Structures are given as C-alpha cells and as structure tokens.
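Visitor: Hi! I'm new to looking at protein structures. Could you walk me through this one?
Guide: Happy to. Here it is.

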Amino acid sequence: MDKQELLNKRLNLIIAPLYVKVTMYLMVVSFFYNLPVTNYSLKGSNEIRLYDVLGIIICYLYIKNFGVLNYYIKQKLNFKFLNHFLIWSAITLIFTGLFSIFLNRPMWLLQSILYYYHFFVFFLYAVLVSVFVMKYKNFKAIVYILLILIIGESLLVIAQNSGIVPFLWNDRYKMSYLGFLSGTLGPNKIVLGMTMFISFAVSLGIYLQKQLKINKILLLSAITLSGTVLVITGSRTSYLALIVFAAYFLIANTRKFISVSVVFLIIVMTAISLNLEVVEMAQKVFDDRITNKISDPTVLSENSVDVDQLYEDLGSGRKELAASYTKYLIERPYIIPLGIGFNNRLLIGFSAHNIYLSLINEVGLLGLILYLRWLASYFLLNLNRTKYLKMALHGLVLAMLVTLYFGEHLYVYRPLFGLLGFFLLATVLLTAPRFYYKK
C-alpha cells in the first residue's frame with residue numbers, strides 16, 4: 001500500500017461513523033436555516049445557530065485527526081491557501097485583543113473570536129465534506145439535499161411575498177431589516193440574493209455536466225426558482241454577480257450559452273403567458289431597485305455607459321463609504337502592511353462594504369494577498385475532465401471577485417450568517433467530480 005492509498009484509507013475511516021455523515025448533511029441544512037436554535041446572553045441578545053452546534057463536532061473531528069487532516073489540507077491548493085489566510089487571521093487576533101483591552105471593550109474580542117470560530121468551522125467543514133464526497137453516492141446525497149433545500153427555500157420566499165407565510169424572524173430583525181422576507185435565511189438582502197446566486201451557479205453547472213446523472217427535473221426546478229427569487233430579492237450586488245457569471249458563460253462557451261438562454265426564455269415566456277404572480281413580483285422589485293433608482297436614463301446610452309453615475313445611483317452610499325474608508329487608511333499608513341486585527345473596526349467603527357478595504361484594515365496587505373491567493377487558486381485546479389463544472393466554478397469565483405468590491409459576502413460579519421460556508425460547499429461540489437470520470 002503506497003502513501004496515497006494509506007491516506008485515503010485513513011480519511012475514509014474519519015467519515016465512516018454515522019454521526020459524521022449526519023453532521024455532513026445537517027451542515028448543508030444550516031446554510032439554509034439561519035434561524036437561531038437557542039439564545040444566550042453574553043453581549044446583549046446572542047443566538048446559537050445550527051452551524052454553531054455542529055461546529056463543535058467538526059472541531060472535535062479535526063483535533064482527533066489533526067495529523068491526517070493537516071496533511072490532506074496541504075495537498076489541496078485551495079485548502080492550503082485558505083488555511084494560510086486563517087493562520088494569519090488568528091495571529092492578528094492578538095492585535096484585536098490589545099485594542100479591546102486598551103479601549104476597554106473586552107466583549108469585542110469575544111465577538112471576534114466567535115466570528116473566527118465560524119470561519120474556521122466553515123473551512124473545516126469544506127475539508128471534511130471534500131473527503132466525504134470522494135464517494136460518488138455521498139456526492140449525490142449531498143446534491144439532492146441541496147436541491148431540495150434550494151427549491152424549498154425558494155417556494156417559502158415566494159409564499160411569503162404572496163402573503164401566505166409571515167415574516168419568520170423576531171421583531172428586532174423586523175425593525176432592523178424593514179421586514180425583508182427571506183424565509184429561514186438571514187433577513188439581509190445579500191444573504192438571500194447570494195444564496196440564490198450560488199444555488200443557481202451550482203445547479204446549472206451540475207445540470208450541464210451530463211455524466212453526473214442527477215435528476216434533471218429537480219435541477220431545472222432549482223435553477224428556475226433560484227433565478228426567480230434572486231430577482232425578487234432586490235439585491236443589486238447579486239444582480240451584478242449574475243451579470244458577471246452570464247458574461248463569463250457567454251465568452252467561455254457561446255454555443256451552450258445560447259442554448260441555455262433559449263430554455264430560460266421559453267420558461268419566462270411561459271410564466272408571462274400564464275400570468276403568474278411571481279412575474280409581477282419580480283418586475284416590481286426590479287423597477288423599484290434598479291429602473292426607478294437611475295437618475296438619468298441616458299447613462300445607459302448605446303454609445304457609452306456612465307459607470308460612475310450608475311455607482312452613485314445604485315450603490316446605496318457605497319461610493320462615499322469607500323472614499324471615507326480610503327481616506328481613513330491613507331491617514332493611518334501604519335495600518336496598511338499588517339492591519340490592526342481580525343474583525344477589528346474599533347478605530348473606524350464600521351466596515352467598508354468592500355472586502356478589499358476591510359481586509360486591509362483588519363489583516364493588512366499581507367492578509368489581502370493571502371485572501372486573493374486563495375480565491376485565485378480555483379483557477380489553477382485541473383478541471384478539464386468536467387468542463388461545465390469548471391465553467392460554473394470559474395464564473396462563480398469571478399463574480400465574487402467583482403462583487404466583493406461592493407460587499408463582504410465571503411467573510412464572517414454578523415449579518416452574513418453562513419454565506420461563506422455555503423460558498424465553500426459549492427466549490428467542493430463543483431471540483432470533486434473531476435475524480436469520478438475520465439474525459
């Protein structure tokens with residue numbers, strides 16, 4: 001038995017117990033069920049979610065199999081690079097702790113450690129689930145659970161917007177997010193929007209990769225419903241993600257893009273001809289969030305697009321926020337190389353709504369480089385055996401690289417819930433099948 005065979009045998013032993021399999025499945029559920037399972041009081045009203053509880057099991061598995069899993073992580077480029085970012089972030093927590101002590105804000109350090117715990121759990125879950133889906137039957141089981149969750153969540157959101165199901169979060173969330181209807185996902189528009197975008201990208205990639213033999217009706221339902229709910233969210237950042245993804249798809253495989261577009265056009269025209277209420281919902285939200293927000297329609301003229309004016313109109317103040325954050329960093333150049341600590345916003349008091357600026361503040365240019373190296377690593381993986389999954393993965397990552405200029409949805413701030421974990425799961429599902437089939 002060679003070294004690789006021995007490693008695979010030991011990895012299989014890790015995911016063999018029933019409780020591990022149940023944990024792998026329930027973590028998928030946790031990305032769609034963000035409602036708290038219980039509450040506690042540490043810093044005001046604190047909530048424990050499903051992934052918090054499951055994270056204890058995941059950390060236990062990591063500690064118990066520390067050597068094997070670390071060796072496996074070092075073998076996988078994307079995991080290795082994300083682990084480097086996590087190590088550096090852990091080191092900068094020392095800076096966060098010092099600021100918390102000097103500014104008499106000790107609870108800030110506890111909050112930062114909790115956020116780091118979330119990041120670490122999402123990372124470890126991605127590592128473990130990548131081992132779990134080495135077996136094709138496990139891959140199919142995860143995918144079917146995911147498809148059912150996408151369809152169920154989409155129907156729930158549509159039912160809420162139709163007045164059938166009420167707002168499911170408490171009054172505090174209702175006031176903070178103006179009663180935004182998001183099913184069991186966090187009531188921040190970006191959570192529902194990006195969850196549906198990632199769902200759309202993964203479902204489409206699997207649908208096009210015929211060798212995987214996943215039920216086409218379920219896949220088409222997931223693609224159609226996630227795309228519909230994405231529009232209903234009114235999340236402009238998610239709209240941009242979809243545009244970037246579609247543009248990449250068009251360039252990467254024009255013929256397939258056209259054929260898929262024809263199918264979508266037929267579905268849309270059918271929905272319009274049946275006078276479905278969801279079409280009216282989507283149209284109203286799009287008009288309210290995009291069309292009616294553009295101050296001067298000529299910025300979309302055929303000859304030129306005034307990007308600066310569009311950013312002003314549709315950015316919800318992000319342009320001014322980015323400018324003030326940039327000024328803050330320039331005035332404090334000592335922050336830029338190494339940052340002032342993971343989740344440390346004690347000097348400026350708010351995030352930049354721009355991951356690149358936020359990371360420079362927290363973990364410095366060094367941390368930003370490590371973070372970007374992780375995302376770039378997905379373009380270096382050999383996915384030639386699964387060209388449509390490759391297209392979906394590259395389109396997904398490219399969309400994130402663009403939209404992260406306007407948000408922090410691949411991070412662990414409080415309003416983002418399990419988005420990062422879901423993205424990591426999506427990347428595992430889009431990369432694992434390359435080991436199943438030959439060209």
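Visitor: What does the accessible surface of the protein chain come to?
Guide: It comes to about 19800 Å², and 66% of that belongs to carbon and sulfur atoms. Keep in mind that this is a predicted model.

Visitor: And what share of the residues is buried?
Guide: Buried residues make up 53% of the 439 in the protein chain.

Visitor: How many helices and strands are there?
Guide: The chain has 18 helices and two strands.

Visitor: How do helix H9 and helix H10 cross?
Guide: H9 covers residues 189-208 and H10 covers residues 216-233; their axes come within 8 Å and cross at roughly 150°. Angles over 145 degrees count as roughly antiparallel, so that is how H9 and H10 run relative to each other. The crossing is left-handed.

Visitor: Which residues make that contact?
Guide: On the H9 side they include Leu-192, Met-196 and Phe-200, and on the H10 side they include Leu-219, Ile-223 and Leu-230. By class, the contact has 13 nonpolar, six polar and two charged residues.

Visitor: New topic: what is the phi of Asn-104?
Guide: Asn-104 has a positive phi of about 55°, although it is not a glycine. You'll find Asn-104 in the loop between helix H5 and helix H6.

Visitor: Is Asn-104 buried or exposed?
Guide: Asn-104 is exposed, with a relative accessible area of 64%.

Visitor: What about His-353, where does it lie?
Guide: His-353 is in the loop between helix H15 and helix H16. Its phi is also positive, near 55°, and His-353 is partly exposed, at 34% relative accessible area.

Methods
Residues numbered from 1 in each chain as written. Predicted model: local features only at pLDDT ≥ 70, side-chain atom pairs only at ≥ 80, totals over all residues. Heavy atoms only, no water. Helix = DSSP H or I, 4+ residues; strand = E, 2+ residues; numbered from the N terminus. Buried < 20%, exposed > 50% of the residue type's maximum accessible area, 1.4 Å probe, protein only. Areas by Shrake-Rupley, 256 points an atom, 1.4 Å probe, with all protein chains shown as cover. Axes fitted to C-alpha atoms, helices over the stretch in contact; angles between N-to-C directions. Parallel < 35°, antiparallel > 145°, perpendicular 65-115°, else oblique. Left-handed = near helix turned anticlockwise from the far one by under 90°. Contact = heavy atoms within 4.5 Å. Nonpolar A, V, L, I, M, F, W, Y, C, P; charged D, E, K, R; others polar.
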